[in-house]
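Hi,

Here is the structure I promised to pass on to you. Have a look at it first, then read my notes below.

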Amino acid sequence: MKYTSGPVYFEKGNFTFEMKAVSGKTMAQAVIDAHGGGRIRFDALISHDITYVGIIQTARASGMTEFPVPYAFTNCHNSLCAVGGTINADDHAFGLSAAKKYGGIYVPRNLAVIHQYAREQMAFCGGMILGSDSHTRYGALGTLGIGEGGPELVKQLLKNTYNFAKRPEIVLVYLAGKPKKGVGPHDMALKMCREVYDKGLFKNKILEFVGPGIQNLSMDFRIGVDVMTTETACLSSIWETDDKTQAYYEAHNRPDKFRKMSPEDGCVYDAVMEIDLSEIEPMIAFPFHPSNAFSIRELNEKPMEILKAAEKAAGLDGELISKWTDKGLHADQFVIAGCAGGLYENLTSAAAILDGASAMDMTVYPASVPVETALIESGALTKLISSGAILKPCFCGPCFGAGDVPRNMGLSLRHTTRNFPFREGAKPNEGQRAFVALMDARSIAASAKNGGLVTGADTMDFEDEFEKAYAFNDSSYQKRVINAYGKANPDEPLVFGPNIADWPEFATMEEDLRFTVASVLLDAVTTTDELIPSGETSSYRSNPHRLSEFALSRRDPGYVKRSKALRDAGAYSAVCANCPGDGSAREQAASCQRVLGGIANIAVSYATKRYRANLINWGIAPFVCDRVDQFEIGDEIVIEKFKEKLLSGERRFTSLVNGKDEITLSLPLLTDQEAEILMDGCLMNHYRKGGK
């Protein structure tokens, strides 16, 4: 893989660095321009059952009376969580009632994971979809998908726009060659993450996949790579479409949603990443990030060197090395699941590789009931089950720590999207530790077949007898999905369970901004899973008060007590971190801080655009400074006449720490509208007073 900064000029299917006149548009720019340019109106929205209740509650509190665009709710995150009695099912009942009342699309539990439903039923060439999940990526189908926190969906529900402070940079990802047998989409995705994440090469940019190599990739391969672009920290992605894309839409009974898409001659990119598909090998990504990746060949040739490097990157000390035996690296568990792993071709390839051999501790979660139906009809599911694999419903749990938790000190191989800290379901603060390594489904099956030893699928001799065309059967959708778009019934009552709570009232910004540091996090990056844990907390996402009790609980257990003490005394708090907000789009990473009295974050930078947006939408100022190790818990920070300065357009503020030390805090790229939201106290307040 080779990355080169631009400008990069594109013409007649190829690219050059030779200066040319710009006369055309990239695919991404053409789609964005067709949707409003810098102020976007999306074609559709989608959420799952740990986000849609809060979004609907926020929107109705802001004056929404009907969904203006198709808005689908899938029930794939809390559908198998055992925490909390009836509260998960209560959320689903609320979702069904909201779909009927406001004109939404309700997808019952375990019928499809969020992104597979969008691919099968909502994506279309040239479209844009906004989802309240960071893996909202439908670029392989010609759709720009963007994952953001809930308030950005609220803006769309209130017929407002998604705004770019500046034009997103667009990177040409130029594909050539053909993948080797045994190499799957996760191998390409993990290799990309390894090459770009630490360098920030794709951060907040749009990836545009072009080149002759695309024709050598099936749709499931493209989709599997596309959904993982989120882990490069990019904003979105889009691919050239071709006859395989057209066949996908035809197979899914939506032929009118296809159109040919390619970059226009004479367009220019900001950079190019060249990828020779034939050079990609089976990969393994060690804890705690998809970018902590190495080839399986490297691992088996230089095990101690690779394991030490992987442990250094993860901050571990011997835990991975302890899994090495004289035969190789031994894993305890094998999972293929969700929007990245549970695709038809991943599971049929795994079945072909196993070929009746023992699957050991393997669990598979198809991405939708139509995928499961196709697996049954092809015979692949029978072969998986006869190998000992356990079939589970369409569920996202293993990706965020709510299903198939391995044993203490266990190593789980997973074809899921993430292996961040705490996403395997263990509780290190209670002495429970476990580890997830990401691999492609093919190599996971090869490893299970090889007695649990990490094995690349390229070393296996297998024939995929299930390569015949995937037959899409949507009878389960026809019988169970409630599509009320365009048929809103305002008389339909919302169904509230005892755990569903309204947002508390948030005060408007005071003239002088005063807050006390309640937590200082000096890790290089702080993920949203550390800001608000996933897993067992998911059941409380409809109750802001109860959920806030979990804020930073696995990273800084004293934070909640300190923040509540300040809040109850009439004061505000702040979190300081080097680079917070990597990973999930979930707004609760910000809203929980606000419920606890948070008014500011101070960071060197923010890991994602969406986390920064979440902070602003919940009335938390996303300050930037040169270093955060200068702060200590208990420091009081004051910015005099902050509201007046913000209103006048100032974005750099002289601040006093503990009444004596002067520091400069800034709010770079803050727009006038974002400043208004901060002054109003949060997005809900902003809309209540008639803001746009």
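Glu195 and Lys191 sit four residues apart in helix α6 (residues 185–196), which means that about one helical turn separates them. (Helices are DSSP runs of H or I, at least four residues, and strands are runs of E, at least two, both numbered from the N terminus.) Their side chains meet in a salt bridge, 3.4 Å from N to O. That term means a side-chain nitrogen of Lys or Arg within 4 Å of a carboxyl oxygen of Asp or Glu. Side chains of opposite charge can pair when their charged atoms come close.

Before you go further: this is a predicted model, where local features need pLDDT of at least 70 and side-chain atom pairs count only at pLDDT 80 or more, while totals for chains, interfaces and linings use all residues. Residues are numbered from 1 along each chain as its sequence is written, and side-chain values use heavy atoms, with hydrogens and water left out.

Back to that pair: Glu195 is partly exposed at 21% relative accessibility, and Lys191 is partly exposed too, at 22%. (Buried is under 20% relative accessible area, exposed is over 50%, and partly exposed is in between, using a 1.4 Å probe and protein chains only.)

How many salt bridges are there by this rule? The count comes to 33. Another one joins Arg562 and Asp556, with the closest N and O atoms 2.6 Å apart. Here Arg562 is partly exposed at 26%, whereas Asp556 is buried at 13%.

Then there's Asp672 with Arg651, at 3.5 Å from N to O. Asp672 lies in helix α24 (residues 672–680) and Arg651 in the loop between α23 (642–647) and β31 (652–657), so this pair ties together parts 21 residues apart in sequence. Asp672 is exposed at 59%, but Arg651 is buried at 16%.

Now for the inside. The largest nonpolar core has 197 residues, and Phe515 and Phe623 have the most contacts inside it. (Such a core is a set of buried Ala, Val, Leu, Ile, Met, Phe, Trp, Tyr and Cys residues joined through side-chain atoms within 4.5 Å.) Helix α12 (residues 344–354) gives the most to this core, with seven residues. Leaving aside neighbours within four places in sequence, Phe515 is in contact (heavy atoms within 4.5 Å) with residues including Tyr572, Ile599, Phe623 and Leu665. A second, separate core of 29 residues includes Ile87, Val560, Ala590 and Ile620.

Cheers
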